[in-house]
Amino acid sequence: MFGKSHWFLREVYYWRLGASLAWSMLLLPVQISLYLFLTNFSILSPYQWITGWLFQIFSASSVGLTLLIGCCSFWSAFWIVYFFTVSPVVHKDRLSVILDVSKPSRLLHTAWCALSGGFTMWCLGGFLGDRYSSLVVLCDDSRSKLCLSEHHLMMVLFGVYLGIVHSISHFLYGCNVLSFPVIKQLKFFLVKSYFLPSFFQAISASLKQLFYFYLLYFIFGTLPRGWLQSNLALDHSISLLDSVYNMLDFRLFWYLWLSGALLHHLWHFAIFLFKIFNSEVYEFPMEAPILEQEELCLHQVLSTNVPFVKYQAFHDLHNLAEHSKKRRKWIYSLSQPGGHPHRWNRVYSQCVELIDSLTNQLLAYHDELASGKSLQRQFPSVGQKANQSSNVLTNSVDHPAVYQTALNGSHDYSQTYSRPIWTEGYQSIENLGVDSPYSSAHECYQPHSTQLRRRPIHSDDSVRTDQPPVYRRETRLQRLKQLRLVAYLLEPLPDAASRALFTDCQLHIWALEALSALVICSYSEDTFGVVQQTIPTILLSMLALNNALDKHFKLLSNIKEHGQLKDILSLKSSTSVAQLRVDLRGSLKTSLHGIIATFGHNLHNIHLSPEYKKQLTQLMEYKE
Amino acid sequence: MCSLQESLSPPPFGMVTVKEHNGDLITKNEKEASIHETAGLQGVQLPKVVASTEILASLAIDESAQSAFLPNKGDIPFWKRAWYSCKEHGMSGMLEEMTDERHDVPWPVSSVAFSCLTAIRAVSSLQGSIYPHMTLTRDELLSEFSRVRDWEESEIRAFAWHPHTSKCAVAWENDSVKIYSAESDVVPSLKHRYQHGVTCLAWKPFSAAILAIGCQTCVLVWHLDPTSQSTRPSAGSAQVLRHVSNSPVTTLAWDPRGRLLISASPWDTVMMVWNVPREISYTLGRGGGGGVSLLQWSPDKTRLLAATPTSIFRVWETHHWTCEKWTQLSGRLQAACWSPDSQILLFCSVSEPAIFSLNFNNMKPGVAGTGGAQTAVKCGDVSTVTFDVDDEEVRVGGLIQDMAWDPRGERLAVLFQKTSDEDHADNLIALFNTRLQPVLELIPCGFIQSESGEEPQLISFQPNFDKGALLTICYKSGKVKFLPLFFISTQSLNEQSRPPLQAQSGWTHHNSLELYSVND
């Protein structure tokens with residue numbers, strides 16, 4: 001568990017989190033002064049514009065307001081950080097997308113964002129002064145009466161609106177997934193190259209949201225206005241923003257636009273910094289000086305169950321395989337005393353295990369798809385979906401026999417497909433849990449290497465326990481599906497089941513590339529020949545995965561013929577998984593070609609089954 | 001430093017160089033040479049590149065449909081016209097329209113537009129005085145920064161060998177790209193709506209058939225099936241990688257392990273590092289230089305050369321992606337090539353007839369950086385020299401258009417820029433014999449004479465030719481000539497003279513060992 005006591009949390013994660021938050025706080029005054037520079041904009045009196053701006057940024061009230069905004073965005077950033085995850089979530093249907101966004105913790109986050117948006121806008125109103133700074137102003141005509149300052153109200157409400165939109169889109173578009181860049185640049189240059197595009201992005205996003213907000217305020221604006229006027233016993237007679245003509249106030253528009261852009265930029269910049277700091281490569285030590293620190297070492301961390309740490313470990317392995325000759329040498333070295341290649345064996349077995357687990361899952365999925373198809377021919381049911389993958393999911397439960405098959409296979413009937421925890425739509429870094437409980441496959445690919453300990457990959461029987469409630473629930477669901485809206489919400493999204501298999505295949509990509517790079521470098525660097533002995537196993541694992549993937553993509557091309565769905569609930573967060581899937585295939589091919597090109601015809605000496613032999617020959621001739 | 005004067009005199013006009021045999025360039029007269037060419041190259045299979053005689057109407061049409069219509073200025077209200085010109089030609093187009101139509105437009109609007117336009121022009125002329133290439137039109141830019149000598153006129157616009165097989169891609173003048181393979185007669189022809197103004201091609205290393213094409217507006221990555229018999233792969237098998245500011249793409253580089261693709265444009269200071277399957281780009285670059293005109297990845301993947309259109313070039317180290325900068329070149333860097341061990345960079349500038357070398361063996365342990373030497377060394381002088389051939393004076397040499405170094409680092413071919421002098425033999429390609437150990441040495445060994453009337457446009461070496469080196473010359477007429485250079489490499493000579501490896505160094509190397517395999 002990534003509990004409170006995990007060393008990575010203490011020694012790396014908190015520091016990185018702290019640094020990212022500190023930098024976002026340090027850069028806050030810069031962003032606010034730019035904002036003030038633009039709000040004070042006056043082309044006719046540039047001298048006053050500049051001096052006014054300089055006076056304003058150094059005044060005591062500005063410093064106080066900046067501190068308040070700083071506190072607010074600090075907590076916003078801190079909270080967003082809590083929802084981060086490394087593997088994207090794949091939703092089975094639209095209902096699961098809605099449920100995912102409306103989880104209590106996420107609703108709480110939305111509420112916080114709304115509150116913080118409103119509060120920040122209140123502070124920004126303080127900078128602007130005049131009728132933007134307070135909710136109640138003196139009416140123009142008579143000195144005695146108090147009126148509602150609608151400009152201020154509109155600003156605060158815009159902040160609330162932006163907060164809600166930000167929170168929902170953050171989860172809907174999968175912004176909470178931490179992705180790792182392919183090149184490792186210095187943070188300074190990353191931030192530098194981020195600033196200008198992000199500025200324009202904030203401006204355009206704010207403009208877009210402002211358009212919708214104006215519409216909303218025009219239609220529903222009387223509700224908060226009336227409520228406030230009656231509760232605060234204000235003068236009803238004057239309302240400044242109740243007609244289209246009155247709303248065409250350029251200054252108000254300009255302030256709202258800039259304030260929205262600033263808010264957008266503050267939030268997104270904090271997320272960006274967090275991502276930069278945490279997607280950085282952490283160099284795990286290769287050797288521990290004392291036995292107690294063994295768990296800190298790379299080979300131990302590779303087998304950890306905490307996804308975030310596992311990602312970091314494989315990222316580091318990939319990095320060292322590609323770039324660090326010194327650390328590669330350590331992997332190729334022999335143990336003292338004894339002269340065993342323990343280090344290489346540990347690293348390589350972890351990688352091969354990971355690759356084999358994916359191969360097994362794919363084979364199980366294909367097997368299930370095939371059995372689903374054949375059973376569907378035997379028991380055709382009413383209301384079949386055109387979609388092939390959906391056939392498996394909906395029809396297989398109509399018959400107990402199929403039902404049994406489905407449960408023995410790797411399917412789960414929870415709302416979202418997400419690994420490692422299937423029923424969880426997301427995992428925070430704090431509660432990233434145990435390893436995937438997907439059940440073992442029917443037809444397992446058996447790698448024929450006996451020299452290494454190979455534990456059964458991902459066996460967990462907990463899925464098989466509660467059959468009757470699930471069955472009842474499914475029949476009830478079938479009845480509900482007669483309704484059109486329910487049918488729309490429950491219609492399975494295309495190839496969701498396939499995407500679910502690939503949610504964390506970034507790990508597999510790193511494992512493949514690292515193995516390939518280590519094997520290629522071993523040609524000139526491995527002085528003891530430790531890698532040579534394992535090349536057949538590695539090659540076999542890769543070829544098996546290659547076959548399974550080829551088959552999978554053939555199946556996918558059949559599914560895709562039925563057309564793609566394109567609405568807001570069926571997209572985005574899971575498209576990244578589809579790209580990961582393509583990426584995996586590409587890097588597998590490149591890795592195989594790399595090994596084959598390095599060792600060339602020597603590989604013919606390896607004993608392989610005729611099918612693999614043929615494939616190897618084709619790869620050698622660059623026919624595949 | 002060597003000079004072209006030390007070289008053997010060029011073959012007389014009418015003779016054609018057909019091959020190199022252990023250091024001697026063998027020439028034949030044109031009739032014999034054509035027979036020699038058809039007879040083949042001692043069992044080496046090569047693709048047959050035929051200049052396309054069929055008329056292939058390009059999908060990307062040069063002429064827009066708009067040109068068929070006359071502009072109508074009479075009835076349309078001015079604001080509508082301004083809106084159209086804003087859509088067609090952008091902001092500056094709209095301003096021009098406003099300034100031109102003074103009698104239609106209220107005077108404050110036209111005067112504001114006029115002052116805006118003047119300001120824009122002043123800024124762009126200022127920028128143009130710092131970076132002259134910014135003022136070029138797109139076509140001028142492409143022909144200036146393309147590796148082809150005469151991009152506008154040449155039939156062949158780009159050429160690329162597959163890094164592992166005997167397969168090559170040729171971009172033709174009509175914007176189609178064709179793939180020629182030695183093993184198959186099927187010639188797939190690639191066309192795409194965006195495939196316009198092709199300047200560079202790059203095959204992905206360690207892949208069967210993935211080809212990146214640099215176009216005027218984007219990068220296209222074609223995923224081809226090597227076993228397919230189809231001659232027209234569908235446009236669906238091409239990925240379009242597009243970035244707003246990064247166009248036109250004039251140089252592309254795959255990293256030698258085939259993971260990343262980098263594209264660059266002379267108009268954009270940043271390069272785009274693409275994760276191709278995910279279609280994500282990462283920006284990479286430093287200010288200064290005005291753009292990136294040439295990218296060359298060192299064979300060991302640790303360094304990347306990025307030349308700019310000004311007299312600056314940078315070399316990036318590819319671990320932390322930091323760079324070192326070399327300045328004070330006499331002009332922009334025109335061509336460059338890495339030695340096979342990635343320790344030496346040969347380059348030349350656009351305005352000086354010389355070859356420079358830069359060493360990269362100064363890596364200090366523990367210090368990140370490229371390990372490059374402070375200054376480049378002039379190692380070859382290729383300024384114009386005069387030879388007496390058959391009582392005729394032949395002038396050879398001058399500014400360099402392109403250089404190609406064979407993958408073993410034994411031969412360097414140099415293509416010269418076109419000159420306007422009548423008596424200048426700028427169609428000769430100079431060939432140098434190169435030695436890397438103990439220090440870099442360039443030895444001029446002769447000139448390659450082409451058939452009369454043929455102008456060489458592009459040169460490159462096949463990456464996997466095992467009998468020496470195979471120089472490929474693309475001509476303006478669309479002809480592609482494969483010139484074999486048969487020689488015994490220094491490396492294999494050294495290996496023969498040494499005692500067997502096992503005896504010499506025990507465990508340390510197992511290049512010649514058989515693989516140890518495990519039986520289960």
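Select Trp122(A) to begin: with 41% relative accessibility, Trp122(A) is partly exposed (buried is under 20% relative accessible area, exposed over 50%, partly exposed in between, using a 1.4 Å probe and protein chains only). Before going on, note that this is a predicted model, where local features need pLDDT of at least 70 and side-chain atom pairs pLDDT 80 or more, while totals for chains, interfaces and linings use all residues. Residues count from 1 along each chain as its sequence is written, chains are lettered from A and ligands numbered from 1 in the order written, and side-chain values use heavy atoms, without hydrogens and water.

Phe119(A) and Trp122(A) sit three residues apart in helix H6 (residues 104-128) of chain A, so about one helical turn separates them (helices are DSSP runs of H or I with at least four residues, strands are E runs of at least two, numbered from the N terminus).

Next, the rings in general. The search over all chains turns up 54 aromatic pairs; rings of Phe, Tyr and Trp (its six-membered ring) pair if their centres lie within 6.5 Å, with planes under 30 degrees apart counted as stacked, over 60 as edge-to-face and the rest as tilted. Pick Tyr13(A) and Tyr14(A): the centres are 6.1 Å apart and the planes at 40°, so this pair is tilted. Tyr13(A) is buried at 3%, whereas Tyr14(A) is partly exposed at 37%. Both belong to a cluster linked by ring pairs, whose members include Trp7(A), Phe84(A) and Phe308(A).

Hop to Phe189(A), where the charged end of Arg286(B) sits over the ring, 3.3 Å from its centre (the rule asks for NZ of Lys or CZ of Arg within 6 Å of the ring centre and within 35 degrees of the ring normal). Arg106(A) does likewise over Phe171(A), at 4.2 Å.

Last stop: salt bridges, 27 of them over all chains, each a side-chain nitrogen of Lys or Arg within 4 Å of a carboxyl oxygen of Asp or Glu. Select Glu455(B) and Arg149(B), which meet at 4.0 Å, N to O. These two lie 306 residues apart in the chain, each in a loop, and both are buried.

Then try Asp255(B) and Lys301(B), bridged at 3.9 Å and both buried.
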